[in-house]
Amino acid sequence: TYKDGASIERLALLLYFQNEKLYNHNFEIIGKEYNFKNGEKLKKVFSVLTKPIRRHGNCKELESHTQKINRIEEYQWAIKRLPEERKEKAIDEMKTLESRLTIEE
């Protein structure tokens, strides 16, 4: 089981909102800290999530209602762990995703 209820996607979102730059993170150390085998997949997911469309836009990862709900939960997990000054962008993006969910219902 992963530390603090983390998943690769949750942790990648958290790291992105802490610092958007790929080179500012040691994915190997962070991955191990959260009980992942290594940081390879975390780095891969992080680099996908650096693109706004892949975080909250109209993309293949967010086609279904369930995928959007899951991503909103990933945002909520990350937002709870962010320092106050880093929350605004994440909250705005989550609201964008929530509004797309409402439109589709």
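Q: Where does Arg71 lie?
A: Arg71 lies in helix H5. Keep in mind that this is a predicted model.

Q: Is Arg71 buried or exposed?
A: Arg71 is buried: its relative accessibility is 7%, and the cut-off for buried is under 20%.

Q: What does Arg71 touch, leaving out residues up to four places away in sequence?
A: Arg71 touches Leu13, Leu49, Arg54, Arg55, Glu61, Leu62 and Leu97. With Arg54 there is also a specific atom to look at: the side chain of Arg71 reaches the backbone oxygen of Arg54 at 2.8 Å.

Q: Which residue forms a salt bridge with Arg71?
A: Glu74 does, and the closest N and O atoms are 2.7 Å apart. Both residues are in helix H5, three residues apart, which is about one turn of the helix. Glu74 is buried, as is Arg71.

Q: Why would such side chains pair at all?
A: Opposite charges on side chains can pair when the charged atoms come close.

Q: How many salt bridges does the structure hold?
A: Eight. One of them joins Glu33 and Lys3, with the closest N and O atoms 3.5 Å apart. That pair links distant parts of the chain, since Glu33 is in helix H2 and Lys3 is in the segment before H1, 30 residues apart.

Q: How exposed are Glu33 and Lys3?
A: Glu33 counts as partly exposed at 42% relative accessibility. Lys3 is also partly exposed, at 36%.

Q: Which ring does the charged end of Lys3 sit over?
A: The ring of Tyr34, with the charged end of Lys3 5.0 Å from the ring centre.

Q: What about Asp4, which side chain does it meet in a salt bridge?
A: Asp4 meets Arg81, at 2.6 Å from N to O. This pair also links distant parts of the chain: Asp4 is in the segment before H1 and Arg81 is in helix H5, 77 residues apart. Asp4 is partly exposed at 42% relative accessibility, and Arg81 is partly exposed at 28%.

Q: Changing topic to the core. How many residues are in the largest nonpolar core?
A: The largest nonpolar core has 29 residues, and Leu11, Tyr34, Leu42 and Tyr75 have the most contacts inside it. The elements giving two or more residues to this core are H1, H2, H3, H5 and H6. H1 gives the most, with eight residues.

Q: Why is H1 described as largely enclosed?
A: Eight of the eleven residues of H1 (residues 8-18) are buried, so the rest of the structure largely encloses it. The buried residues are Ile8, Leu11, Ala12, Leu13, Leu14, Leu15, Tyr16 and Phe17.

Q: Take Leu11. What is it in contact with, leaving aside neighbours within four places in sequence?
A: Leu11 is in contact with Ile30, Tyr34, Phe36, Leu42 and Trp77.

Q: And the aromatics: how many pairs are there?
A: There are five aromatic pairs. In the pair of Phe17 and Tyr75, the ring centres are 5.9 Å apart and the planes are at 45 degrees, so the pair is tilted. Phe17 is in helix H1 and Tyr75 is in helix H5, so this pair links distant parts of the chain, 58 residues apart.

Q: Which residues form an aromatic cluster with Phe17 and Tyr75?
A: Tyr16, Phe27 and Phe46 are in one aromatic cluster with them.

Technical notes: Residues numbered from 1 in each chain as written. Predicted model: local features only at pLDDT ≥ 70, side-chain atom pairs only at ≥ 80, totals over all residues. Heavy atoms only, no water. Buried < 20%, exposed > 50% of the residue type's maximum accessible area, 1.4 Å probe, protein only. Helix = DSSP H or I, 4+ residues; strand = E, 2+ residues; numbered from the N terminus. Core = buried A, V, L, I, M, F, W, Y, C linked by side-chain atoms within 4.5 Å. Contact = heavy atoms within 4.5 Å. Phe/Tyr/Trp six-rings, centres within 6.5 Å; stacked < 30°, edge-to-face > 60°. Lys NZ or Arg CZ within 6 Å of the ring centre and 35° of its normal. Polar contact = N/O pair within 3.5 Å; in protein donor to acceptor, adjacent residues only side chain to side chain. Salt bridge = Lys/Arg side-chain N within 4 Å of Asp/Glu carboxyl O.
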